[in-house]
Each structure stands twice: as structure tokens, then as C-alpha cells.
Amino acid sequence: MFNCAYVGEDNKLHLPIMIHRAIFGSVERFMAILIEHFAGDFPLWLSPVQAKIIPISDAHAEYADFVKSQLESAGIRAEVDFRTEKMGLKIREAEKQKIPYMLVIGDKEMEQQSLALRKRKEGNIGVMSIEEVIERFVNELNGGR
């Protein structure tokens, strides 16, 4: 008991009553612990955005949308960065957002129906087909099995 009181409309002292309801309290605490544990640098399975698709120019936008639809149909959470910014800035911002993978699309990738794969903290991995990228993600999501 805190011996707290307030003066009510009747000019008398009243004991305050607080009803605490925490329906999602334990879930919120668990999420806070996870965020703190990983410092926001989530593993692929937990990351809200698993791949950022970065087209080099507007000419690659349609292919970027196609890649996004392929990834999403495989259950991979992806976004496309359609901004007309420099590539270095787009990659740096994706790194700062702690997105695990970046998929860069240029003329060569569009012609070959492939993607230039970059992994956060590791840099360039190489050029792969969409199927190879999806297979890599699925393997990583399944714990390397």
C-alpha cells in the first residue's frame, strides 16, 4: 500500500484504484528481449524484411517486381527500393536497416534472369538465378538442411 490519496469532486480524500490489464504484456516483453538480444540484427527467419531488391535504374523496375513476386510466392519477405538514389546509398541504407540480403538488378542480371546477391556484413556473394537464391534462402531458413 502506498498511502496515496486524491481529493474528489466532493472535496474528500479518496483512495485511488488502478486496474492493470496486460493482455499482450508477456509477448511484448518477449519481443523486447529478442530485439535487445539480437541488437536488431535478426537472423533471416526473424527479420521482418529478409531481402531488399535494388534495381539500378527505372528500366529494371518491372523485373524487380517479378523477382519480388517470385520470392513472396516462396514465402520470403521482400521489398523493392524504387527510389532514384545512387546504388551505394541504397545498399548502405539496407545495411543500416539490418536487412540480411540485398538483391541488385542491372542490365546483365535482367538479360540472364539472375540476381547479384549481397549478404549483410559479408558483401558480394555473386550472381545467381532466382531459383538458386530462393533455394539458398529456404536452406538457411530450414537451418542449413
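In this predicted model, the largest nonpolar core holds 20 residues, of which Ile53, Val67, Leu71, Leu103, Leu115, Val133 and Phe137 touch the most other members. At least two residues of this core come from each of the following elements: strand E3 (51–55), helix H2 (61–73), strand E4 (78–80), strand E5 (101–105), strand E6 (114–119) and helix H5 (130–141). Another core, of eight residues, lies apart from it; Val49, Ile99, Met102 and Val104 are among its members.

Leu115 illustrates the contacts involved. Leaving aside residues up to four places away in sequence, Leu115 touches partners including Tyr63, Val67, Leu103, Ile105, Met128, Ile130 and Val133.

The structure as a whole contains eight salt bridges. Three of them are listed below.

| Salt bridge | N to O distance |
|---|---|
| Asp41 and Lys121 | 2.7 Å |
| Asp81 and Arg83 | 2.9 Å |
| Lys119 and Glu140 | 3.8 Å |

The bridge between Asp41 and Lys121 ties together parts that are 80 residues apart in sequence, because Asp41 lies in the loop between helix H1 (25–38) and E3, and Lys121 in the loop between E6 and strand E7 (123–129). Asp41 is partly exposed, at 21% relative accessible area, whereas Lys121 is exposed, at 64%. Together with Arg120, these two residues form a network of salt bridges.

Lys119 is buried at 17% relative accessibility, while Glu140 is partly exposed at 30%. In the remaining listed pair, Asp81 is buried at 7% and Arg83 is partly exposed at 35%.

Conventions. Residues are numbered from 1 along each chain as its sequence is written. This is a predicted model: local features need pLDDT of at least 70, side-chain atom pairs count only at pLDDT 80 or more; totals for chains, interfaces and linings use all residues. Side-chain values use heavy atoms; hydrogens and water are left out. A nonpolar core is a set of buried Ala, Val, Leu, Ile, Met, Phe, Trp, Tyr and Cys residues joined through side-chain atoms within 4.5 Å. Buried means under 20% relative accessible area, exposed over 50%, partly exposed in between (1.4 Å probe, protein chains only). Helices (H or I, at least four residues) and strands (E, at least two) are DSSP runs, numbered from the N terminus. Contact means heavy atoms within 4.5 Å. A salt bridge is a side-chain nitrogen of Lys or Arg within 4 Å of a carboxyl oxygen of Asp or Glu.
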